[in-house]
Amino acid sequence: MRDPKNTPTAATPTTGKTRTESKTSSKTMTGASILWECLEREGVKVVFGYPGGAILPAYDALKHSKIHHVLVRHEQGATHMADGYARASGEVGVAVATSGPGATNMVTGIATAMLDSIPIVCITGQVGSKLIGSDAFQETDITGVTLPITKHNYLVTHASEVARTIREAFYVARSGRPGPVLVDITKDAQQGTCEFDWEAAKPQLPGYRPDLSPAPAEYEQALELIHNSKRPLILAGHGIMVSGAMREVRDFAERAGIPVALTLLGIGAFPASHPLNLGMMGMHGEAWVNHTIQEADLLLAFGMRFDDRVTGNLKNYAPNAKKIHIEIDPAEINKNVKVDVPLVGDLREVLLELLPHVESIDRSEWLDSIDRLKGDSAVRDIQNLPDSGHLYAAHVINDLWHQTRDGNTIVVTDVGQHQMWEAQYYKHEHPRSLITSGGLGTMGFALPAAIGAKVACPEAEVWVVVGDGGFQMTMCELATLVQENLKIHIAIINNGFLGMVRQWQEFFYDRNYAATPLLNPDFVKLAEAYGIRSMAVSERSQVVPAVEAARRHEGPMLINFKVEQEDTVYPMVAAGAALHDMIRRPSPIVETAEDE
Amino acid sequence: MLNTFMVYVENKPGVLTRVASLFRRRAFNIDSLTVGRTEKPEVSRMTITVDADRDQARRIEANLYKLVNVLLVENITNQPAIIRDLALIRVAATHDARSHVLELASVFRGRVIDVSPESLTIEITGAEDKIDGLIEVLRPYGVLEMVRTGIVAMRRGSRTNGNAATESTAQGAANDDVSYSV
């Protein structure tokens with residue numbers, strides 16, 4: 001274990017926008033006014049929220065603030081929007097809700113952000129401090145409820161605590177391994193007054209050390225493993241984006257001649273078109289990528305955490321490989337996979353330290369053997385199967401990619417089959433161009449997260465790729481989309497099933513499709529009710545014209561793609577199976593014995 | 001094996017819940033947990049014993065550090081340390097047995113703190129196995145009631161790492177490298 005005494009304690013936060021006109025003298029303000037003032041000073045331009053009794057003093061004070069408030073239709077939406085905002089921009093997203101039900105509605109969004117290390121700050125109102133513990137109207141112990149799903153949380157009971165708490169919340173949310181922070185502010189703390197002094201309200205976090213770095217000996221061990229490896233592989237994760245290490249990862253891979261496999265959240269961290277890019281790993285990763293992992297003699301894990309969805313059965317995961325784990329969170333080291341050399345620190349800084357010492361090695365033999373692993377994968381690809389007259393989701397996503405690949409496009413997916421097809425068929429070249437709920441797998445994420453992404457990046461072309469099931473979980477946010485006048489395109493991949501669950505039932509539950517067929521509304525009419533232009537598509541030839549029509553249209557548009565009902569995501573590593581043990585799409589030409 | 005952690009935390013409301021919740025969340029079983037004040041009013045100190053192997057113990061330590069309110073964690077499992085537990089034991093002791101019980105208590109350096117016609121209450125402080133030993137020999141007389149605090153621990157010698165955790169208030173520790181075992 002790293003000795004924390006060797007690292008700077010209680011690092012002074014450098015984040016937070018310092019204003020040129022420094023307000024030296026303090027002035028008397030209400031807690032509510034201090035809240036907005038501090039959010040502005042932290043660089044917040046927009047918050048996503050929903051008012052209610054216990055947060056009303058804060059809303060009353062909003063009129064003096066420059067911050068734009070987006071009224072959502074459900075507090076879960078507010079958290080996903082803050083999340084999408086953070087994922088698209090790299091800045092902290094902010095969600096606001098009232099006490100009790102307002103706060104508990106945020107729980108799913110907070111857990112989503114926690115599992116994917118997304119910096120969001122959630123502000124909730126709380127009943128008056130004298131009523132706490134009395135089961136007052138709309139009272140919930142939200143700091144207790146969210147304790148295991150926040151990076152940290154606060155209960156504020158005095159106006160004088162608001163400033164420091166907000167500053168600490170932003171610092172904690174965005175530093176180290178980012179995550180959600182909740183600040184619960186009692187009504188009397190919002191109403192009360194105190195002297196406000198930004199400078200005096202500096203964070204005081206003596207136990208918080210987000211800035212660890214590896215020891216010199218660990219660097220040397222890592223370099224030795226790298227230089228001695230004949231079959232190395234980089235596992236590229238979300239940490240690359242968080243650390244801003246895209247360039248360094250590329251330099252590293254190119255200099256050392258090491259191929260790169262991506263996690264779901266790592267997509268975009270390394271260009272899809274790069275010759276060293278292999279594609280996605282894991283449960284629905286490319287077959288050759290999983291085989292490559294199993295055959296590698298060295299895995300370099302860059303900002304990823306060996307989630308069970310990428311490792312398969314741990315007992316026979318990468319049995320021949322030494323492992324180097326570069327990770328900012330020491331608690332991830334040896335959690336799932338035992339590693340040989342842990343390098344705990346910020347990925348970019350660690351790579352900058354390693355890069356000058358990395359020798360250029362010819363690994364063409366290894367790269368050639370990976371090429372051979374691809375085998376008949378192309379033949380099995382649905383893109384290359386004869387046209388059966390049916391519309392497959394993969395067709396839709398492939399065509400969408402072809403139409404939008406050259407633009408500044410952000411695709412926001414929901415969770416399920418369409419998400420995996422997006423990951424397989426949309427080739428992302430840029431970081432933050434795919435926004436998806438990985439760790440928690442939150443259905444209903446896509447539409448609100450896309451709203452957040454579009455608010456963060458108004459210049460980007462934002463596409464929602466969403467299943468008919470997940471869409472109905474948060475479709476109330478269509479009203480928010482229209483209210484904010486956002487040009488977002490929605491592609492519903494409609495197969496009339498909870499497709500991924502149906503797929504599991506097909507493989508593992510004897511095709512007993514219990515509770516997976518969906519009775520759907522007419523999505524076209526639904527969109528029209530919100531004033532959103534809409535069309536339905538059920539043939540492949542109509543996909544491109546529909547995408548073009550959406551792009552030409554000046555407002556938002558919803559396309560209901562009616563796709564093959566019982567299509568399946570291949571390959572698939574069954575839960576608990578070894579990574580190389582994949583269920584493959586039957587090959588139309590030859591059945592190979594290569595894969596079980 | 002049982003691991004003993006000394007955990008220095010900020011003396012703030014809710015910190016005990018955060019620590020306890022972490023152990024539950026990560027499915028580690030706490031064997032004993034004590035918490036109390038220290039020489040510094042802003043710092044509380046926990047002594048936590050957990051059944052864990054080496055890797056698990058490292059992960060517990062790393063996870064404890066992830067809690068914003070945790071200042072310092074020391075695993076003193078294989079370190080020279082003073083470890084003390086306190087027990088109150090009420091033993092059935094009528095006229096005949098009383099002198100035997102008193103004798104046993106004094107052998108273990110326990111103190112009798114309450115006497116009634118039917119029972120004696122003994123206070124004993126010491127390492128856990130010493131207290132286990134006393135309870136064992138008292139059992140035949142009838143242990144009517146017993147409560148233990150769980151252990152508190154301190155490193156032997158002059159190392160006072162707690163100060164490193166709160167530099168702002170660090171006091172010059174006695175620079176005495178000699179440790180006397182008593």
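Mentor: Two strands are said to pair if DSSP finds at least two bridges between them. Strands (E, at least two residues) and helices (H or I, at least four) are DSSP runs, numbered from the N terminus. This is a predicted model, in which local features need pLDDT of at least 70 and side-chain atom pairs count only at pLDDT 80 or more, whereas totals for chains, interfaces and linings use all residues. Residues are numbered from 1 along each chain as its sequence is written, and chains are lettered from A and ligands numbered from 1 in the order in which they are written.

Trainee: What is the strand order of the open sheet in chain B?

Mentor: The order is E2-E3-E1-E4, four strands with antiparallel pairing. Strand E2 (30–37) and strand E4 (70–75) of chain B are the edges, each pairing on one side only. On average, neighbouring strands of this sheet are turned by 15 degrees against each other, direction ignored.

Trainee: How many bridges join E1(B) to E4(B)?

Mentor: Five bridges join strand E1 (residues 2–10) of chain B to E4(B), and the two run antiparallel. One residue pair is B:Tyr8 with its bridge partner B:Leu72 in E4(B).

Trainee: Which strands does helix H1 of chain B lie across?

Mentor: Helix H1 (residues 15–25) of chain B lies across E1, E2 and strand E3 (43–51) of chain B, and runs at about 145 degrees to E1(B). Helix H2 (residues 54–66) of chain B also packs on the sheet, where it touches E1, E3 and E4 of chain B, its direction making about 165 degrees with that of E4(B). The axes are lines fitted to C-alpha atoms, for helices over the stretch in contact, and angles run from 0 to 180 degrees between N-to-C directions. A contact requires that the C-beta atoms of two residues, placed from the backbone, lie within 7 Å.

Trainee: And E6(B): what does it form with E7(B)?

Mentor: They form a hairpin with three residues between them. Strand E7 (residues 119–126) of chain B runs antiparallel to E6(B), and four bridges join the two. Within the pair, B:Val112 stands opposite B:Ile122 of E7(B).

Trainee: Why does strand E6 of chain B count as lying largely in the open?

Mentor: Of its five residues (111–115), the number buried is zero, so strand E6 of chain B lies largely in the open. A residue is buried if 20 or more other C-beta atoms, placed from the backbone, lie within 10 Å of its own, exposed if 12 or fewer, and partly exposed in between.

Trainee: How is chain B divided into domains?

Mentor: Chain B has domain 1 (2–79) and domain 2 (82–148), with bounds from an automatic or database domain assignment. The C-alpha centres of these two domains of chain B lie 30 Å apart.

Trainee: Turning to chain A, how many helices and strands does it have?

Mentor: Chain A has 24 helices and 22 strands. Its radius of gyration is 25 Å, close to the 25 Å that the globule rule gives for 596 residues, so chain A is as compact as a globular protein of that length. That radius is taken over C-alpha atoms, and the globule rule is 2.2 Å times the number of residues to the power 0.38. Of the 596 residues of chain A, 54% count as buried.

Trainee: Which domains does the assignment give for chain A?

Mentor: It gives domain 1 (27–201), domain 2 (216–373) and domain 3 (393–566). The centres of domain 1 and domain 2 of chain A, taken over C-alpha atoms, are separated by 37 Å. Five residues from each of these two domains of chain A take part in their contact.

Trainee: How many residues of chain A are in contact with chain B?

Mentor: 16 residues of chain A are in contact with 21 residues of chain B. The side of chain A that touches chain B has 10 nonpolar, four polar and two charged residues. Here Ala, Val, Leu, Ile, Met, Phe, Trp, Tyr, Cys and Pro count as nonpolar, Asp, Glu, Lys and Arg as charged, and the others, Gly among them, as polar.

Trainee: Is A:Ile488 buried or exposed?

Mentor: A:Ile488 counts as buried because it has 24 C-beta neighbours inside 10 Å. A:Ile488 is found in strand E18 (residues 488–494) of chain A. Residues that A:Ile488 touches include A:Ala450, A:Leu481 and A:Pro556.

Trainee: Where is A:Arg511 found?

Mentor: A:Arg511 is in the loop between helix H22 (499–508) and helix H23 (523–529) of chain A. A:Arg511 has a positive phi of about 55 degrees although it is not a glycine. A:Ala515 is found in the loop between H22 and H23 of chain A, and has a positive phi of about 60 degrees.

How values were computed:
Lists of a residue's contacts leave out its neighbours within four places in sequence.
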